[in-house]
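Please consider the sequence and the model together before reading on.

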Amino acid sequence: MNITAIILAAGKSTRMGSPKMLLPWDDTTIIEHVISVFAKAGVHDILVVTGGAREQVETIVQNCQKNYPVRSVFNKDYLAGDMLLSMQCGLRYLSEKGSEAAMIGLGDQPQVEERSVRLLLKAFSKTKSPLVVPSFQMRRGHPWLVARHLWKELIEMDQSQNPRDFLNAHTKEIHYVDMDTPSILADLDTPEDYHAAHP
């Protein structure tokens, strides 16, 4: 499978009070941990969309290139704080590449589990569904996969819309993967979130 993981890491970290991607996680940083999870799960192409703390995050990405198949692209519109803009930035960057699908992951979701990523990759390979989305107790989570032929629609969405609107418009095309872990719903927004989740 030719899958690219797009890790959204362009946020301003306003509520956290310091750049989330740079915070310690285990013996590394949050963003490096997330990159490692996708790589170890079998994703052979990883694109990190940067924005806030750009220089530091891109330095980490460059250092990770020794061990992982990762690169970065800068979202010049990151100050708008819109997840859709970062997603569009990543998809536009990949539009000339050969990936058959993109896996949309969150840079501030170090709780993401290797086995969850593997299950999603397996489901996409088996079903060839244009959308593969994890679910925990009937709630959608991250990361999720979108096939290449739907990228154009995402790229052309305007800023009055969001990724949830896109998924709602394609409900009948979604293959849900039931997960037994709430980690697909987790992310880190505040210092309280971080301290509660930090290993």
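The model is predicted: local features rest on residues with pLDDT of at least 70, side-chain atom pairs count only at pLDDT 80 or more, and totals for chains, interfaces and linings use all residues. Residues are numbered from 1 along each chain as its sequence is written, and side-chain values use heavy atoms, with hydrogens and water left out. Helices (DSSP runs of H or I, at least four residues) and strands (runs of E, at least two) are numbered from the N terminus.

Helix α2 spans residues 54-64, and its buried residues are Val-57, Glu-58, Ile-60, Val-61 and Cys-64. Here buried means under 20% relative accessible area, exposed means over 50%, and partly exposed lies in between, with a 1.4 Å probe and protein chains only. An α-helix has 3.6 residues a turn, so residues three or four places apart point the same way. On the face of α2 turned away from the buried side are the exposed residues Glu-55 and Gln-62. The cover over the buried residues of α2 includes β3 (28-29), α1 (30-40), β4 (46-50) and β5 (70-74), where contact means heavy atoms within 4.5 Å.

How do the axes of α1 and α2 cross? They come within 10 Å and cross at roughly 40°, which makes α1 oblique to α2. Axes are lines fitted to C-alpha atoms, for helices over the stretch in contact, and angles run from 0 to 180 degrees between N-to-C directions. Angles under 35 degrees count as roughly parallel, over 145 as roughly antiparallel, 65 to 115 as roughly perpendicular and the rest as oblique. In this contact, Ile-31, Glu-32 and Ile-35 of α1 meet Ile-60, Val-61 and Cys-64 of α2. By class, the contact of α1 with α2 has five nonpolar, no polar and one charged residues. Ala, Val, Leu, Ile, Met, Phe, Trp, Tyr, Cys and Pro count as nonpolar, Asp, Glu, Lys and Arg as charged, and the others, Gly among them, as polar.

Helix α1 also packs against helix α4 (residues 114-127), with axes that come within 8 Å and cross at roughly 45°. The helices α1 and α4 are therefore oblique to each other. Val-37, Phe-38 and Lys-40 in α1 meet Glu-114, Val-117 and Arg-118 in α4. This contact of α1 with α4 has three nonpolar, no polar and three charged residues.

Individual residues complete the picture. Leu-8 lies in strand β1 and counts as buried at 10% relative accessibility. Beyond its neighbours within four places in sequence, Leu-8 is in contact with residues including Val-49, Met-83, Ile-104 and Leu-106. Leu-8 and Gly-90 are 82 residues apart in sequence and 8.4 Å apart in space, C-alpha to C-alpha. Ala-10 lies in the loop between β1 (3-9) and β2 (24-25) and is buried, with a relative accessible area of 6%. Not counting residues up to four places away in sequence, Ala-10 touches several residues, among them Val-49, Thr-50 and Tyr-78. His-170 lies in the loop between α6 (163-169) and β10 (174-178) and is buried at 8% relative accessible area. Outside the four places on either side in sequence, His-170 touches Leu-131, Leu-150 and Glu-153.
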